Amino acid sequence: MTTGVGKRRDAILLDIEGTTTPLDFVHQVAFPYARSHAEEFIERHASLPEVIFDLEGLRREHAQDARLGRKPPSLTNGGTPRSFARYIDWLITADRKSTPLKSLQGKIWEEGYASRELVGRVFDDVPDALKRWQTEKRLVAIFSSGSVLAQQLLFAHTTAGDLTKYISAYFDTTTGGKLEAQSYTKIARALGRPPQEIVFLSDVTRELDAAAAAGIEVLLCDRPGNHPPPENAYTLIRSFVEL
Ligand SMILES: [Mg+2]
């Protein structure tokens with residue numbers, strides 16, 4: 001029993017996949033949606049500056065993949081919608097935490113949430129915990145590899161309704177990687193809190209290593225469907241009721 005853990009912290013930083021949301025949602029719902037809509041989305045929006053920006057980023061990433069001998073599927077004629085979609089598919093399969101990929105995925109998901117084809121999922125204890133933390137005047141923020149847009153969309157369109165009113169800040173890989181201590185230092189600064197006043201929850205021990213190195217308290221989230229973590233000394237949390 002870990003009740004009381006993290007109680008002293010007045011800022012709570014949450015990972016999404018495997019922490020607020022089942023891994024299944026990401027891998028069985030959100031990623032497949034992005035895969036199956038990528039080509040058609042790029043075709044329809046190829047002239048939008050923000051889409052052009054993402055595609056340029058993907059082109060650079062592709063060049064690097066090719067240079068490193070990773071053999072990505074080729075970008076026909078510098079990148080047709082179909083060949084971009086094949087490359088995106090390859091990146092998703094590799095679970096690449098790529099900023100342009102995540103940015104484009106966010107835009108694809110935006111349409112899915114708007115049409116209600118996509119509905120975000122959170123574990124049952126999450127909505128009540130978010131409400132309670134707000135009542136307790138604790139600050140809640142998200143740190144996920146998914147783009148800030150994707151994070152906001154997920155929490156705005158959950159099966160439990162719009163949860164964004166309980167979340168004060170969102171951070172993605174534009175702040176830094178989740179395995180880098182420096183990212184957590186930056187987040188603490190952005191939240192206006194010393195690291196010691198923040199608790200970070202994630203299902204990935206290497207993320208906890210990085211946050212702990214920045215002086216943040218960390219808890220390992222054990223949720224249904226998570227991968228068993230490697231040997232570690234972190235305190236486990238199975239429900240946000242405990243926090
Ligand atoms: Mg996670």
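The model is predicted: local features need pLDDT of at least 70, side-chain atom pairs count only at pLDDT 80 or more, and totals for chains, interfaces and linings use all residues. Residues are numbered from 1 along each chain as its sequence is written. Helices are DSSP runs (H or I, at least four residues), numbered from the N terminus.

R116 sits in the loop between α4 (99–114) and α5 (126–135). K71 lies in the loop between α2 (49–67) and α3 (81–93). Neither is a glycine: K71 has a positive phi of about 55°, and R116 one of about 65°. Most residues other than glycine have a negative phi.

| Residue | Phi | C-beta neighbours inside 10 Å |
|---|---|---|
| K71 | about 55° | 9 |
| R116 | about 65° | 8 |

A residue is buried if 20 or more other C-beta atoms lie within 10 Å of its own, exposed if 12 or fewer, and partly exposed in between; C-beta atoms are placed from the backbone. K71 is exposed because it has 9 such neighbours. R116 has 8, so R116 is exposed too.

Now the helix itself. The 16 residues of α4 should span 22 Å, at 1.5 Å a residue. The expected span is 1.5 Å times one less than the number of residues. The end C-alpha atoms of α4 are 23 Å apart, which agrees.

Which residues of α4 are buried? They are P100, L101, K102, S103, L104, Q105, G106, K107, I108 and W109. These buried residues pack against α1 (23–45), α2, α3 and α6 (148–156). Contact requires C-beta atoms, placed from the backbone, within 7 Å.

Methods
Helices (H or I, at least four residues) and strands (E, at least two) are DSSP runs, numbered from the N terminus. Two residues are in contact if their C-beta atoms, placed from the backbone, lie within 7 Å.
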